[in-house]
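Colleague: I have some questions about the labels used for this model. Please set each value against its rule.

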Amino acid sequence: MSKRSASPPGGALIKRARSGSPAPNTQIAISSSNDERQQALIRTVKRTSSLEAPIISLSGSHSAEILSCRFDPTGQNIAACSADRSVSLWRTYSPNTNYGLISNLHKAPVLDLQWSLASQVLYTVSADHTLNVTDLTTGQRVRKLHAHRGIINSLDRTLAGGAGVELVATGGDDGTIRIWEGGDEGPKQPVSVYELGCPITSVAWSADGASIYAGALDNEIHVIDFRKNEEVYTLVGHTDTPTSLSLSPNGQYLLSPSFSSQTIIHDVRPFSPSPNRIHRVLMGAPAGFENTLLRGAWSKDDGGRRVGVGGADRTVCIWDVESGKVLYKLPGHKGTVTAVDFHPKEPIILTGSKDATMLLGEIEPTLGA
């Protein structure tokens, strides 16, 4: 891991509060004209987070598209992975430093990553067929697993049972879902393997850690009880391949964007009132023609009242879950928005794009401006 303490800060502020602002929760925007007669107050925005500015650009660390980016469980740090085969680490709050760049983990694009729930490690999967575990205190890879016979598109992790053992699920183009023991030590063989028979684009654990949801090339989401090693039911409704899966904070609903530009929220409660288990069908985030695995997410600070998915129109679409209406379309990127994540404690959204940059934004001031 290369240390970047001496390099310029990675976070470039787009809007910044004027020194001597009357209150810490107020953002003042001043016109940039050199004419003193035109230098006037444009608007005052009530601040809702601890970010230094309502919108912050995180750039300069990657030379190719960002494929996944996520907050850590505390919300203090951000990790992003890229087609340039590197992983970058950032501070969420001022000065938004890019404090680490790990460039020797994989031999092909890094397609997805997850922060560990139990230790200071980061899980990454790649087109080189491997699952790697990196110690974040040293920046060194501590485990390398030749996990699949094809490209690995997605991973998720959970804490299993009362023992607190972390399990990692991976899904790949070889048509298998594999379960691994997490952490910096563990066996090189999977705990469990399930053959689905067609390429898998996304995986997500159920809230109780007993089942795995797997989106596949057959346009269905397969629900696997990995303890019994059998499929218990499928979620249908998509007319094209699901690109990602994200479970709601209460564990009752599953978000799935797709190549058809249709995003579905599935009801995964044990006894769903809907026969087809479709809770909402959302439109507004175009998938485009590039077949990019767009990664959506649920808001967490409000218990999952909103969901967000990026699109090929270079914006992020945010919907109200209860009504299914589009709340906002967030601009700012110069390429397809590939990844979205919400801060675990504050109304902050994180987006990654094919323009090799990330944006941090306060949801309310950013969206309401």
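Colleague: What makes Arg 91 count as sitting over the ring of Tyr 99?

Modeller: The rule asks for NZ of Lys or CZ of Arg within 6 Å of the ring centre and within 35 degrees of the ring normal. The charged end of Arg 91 is 4.0 Å from the centre of the Tyr 99 ring and sits over it. Arg 277 does likewise with Tyr 233, at 4.8 Å from the ring centre.

Colleague: What kind of model is this, and which atoms count?

Modeller: This is a predicted model, in which local features need pLDDT of at least 70 and side-chain atom pairs count only at pLDDT 80 or more, while totals for chains, interfaces and linings use all residues. Residues are numbered from 1 along each chain as its sequence is written, and side-chain values use heavy atoms, with hydrogens and water left out.

Colleague: Why is the pair of Trp 205 and Phe 226 called edge-to-face?

Modeller: Rings of Phe, Tyr and Trp (its six-membered ring) pair if their centres lie within 6.5 Å; planes under 30 degrees apart are stacked, over 60 edge-to-face, and the rest tilted. A search of the whole structure finds 1 aromatic pair. Trp 205 and Phe 226 are 5.3 Å apart, centre to centre, with 85° between the planes, so the pair is edge-to-face. The pair links distant parts of the chain, 21 residues apart: Trp 205 is in strand S17, and Phe 226 is in the loop between strands S19 (221–225) and S20 (230–235). Strands here are DSSP runs of E, at least two residues long, and helices are runs of H or I, at least four; both are numbered from the N terminus. Trp 205 and Phe 226 are both buried.

Colleague: Why is Ala 356 called buried, and why is His 129 called partly exposed?

Modeller: Buried means under 20% relative accessible area, exposed means over 50%, and partly exposed is in between (1.4 Å probe, protein chains only). Ala 356 has 11% relative accessibility, so it is buried. His 129 has 29%, so it is partly exposed. Ala 356 is in the loop between strands S30 (348–353) and S31 (358–362). His 129 is in the loop between strands S10 (121–126) and S11 (130–135).

Colleague: Why does Asn 291 count as exposed, and why does Leu 255 count as buried?

Modeller: Asn 291 has 52% relative accessibility, so it counts as exposed. Asn 291 lies in the loop between strand S24 (278–283) and S25. Leu 255 has a relative accessible area of 0%, so it counts as buried. Leu 255 is in strand S22 (253–256). Leu 255 and Trp 298 are 43 residues apart in sequence, yet 7.9 Å apart in space, C-alpha to C-alpha.

Colleague: What makes one space a cavity and another a pocket?

Modeller: On a 1 Å grid over the protein atoms alone, a cavity is a set of points where a 1.4 Å probe fits but cannot get out. A pocket is an open set with protein on both sides within 12 Å along at least five of seven lines; lining residues have an atom within 4 Å of a point. Grid points are joined across faces, edges and corners, and a volume is the space filled by probe spheres set on the points. The count comes to 1 cavity of 30 Å³ or more. The largest cavity holds about 40 Å³. Its lining includes Thr 243, Pro 257 and Val 309.

Colleague: What is known of the largest pocket?

Modeller: The largest pocket holds about 890 Å³. Of its 38 lining residues, Asp 156, Arg 157, Ser 246, Leu 247 and Lys 300 are the closest to its centre. Strand S13 gives the largest share of the lining, 6 residues.

Colleague: How do you know which lining residues are charged?

Modeller: Asp, Glu, Lys and Arg count as charged; Ala, Val, Leu, Ile, Met, Phe, Trp, Tyr, Cys and Pro as nonpolar; the others, Gly among them, as polar. By that rule the largest pocket has 20 nonpolar, 10 polar and 8 charged lining residues. The lining of the largest cavity has 4 nonpolar, 5 polar and no charged residues.
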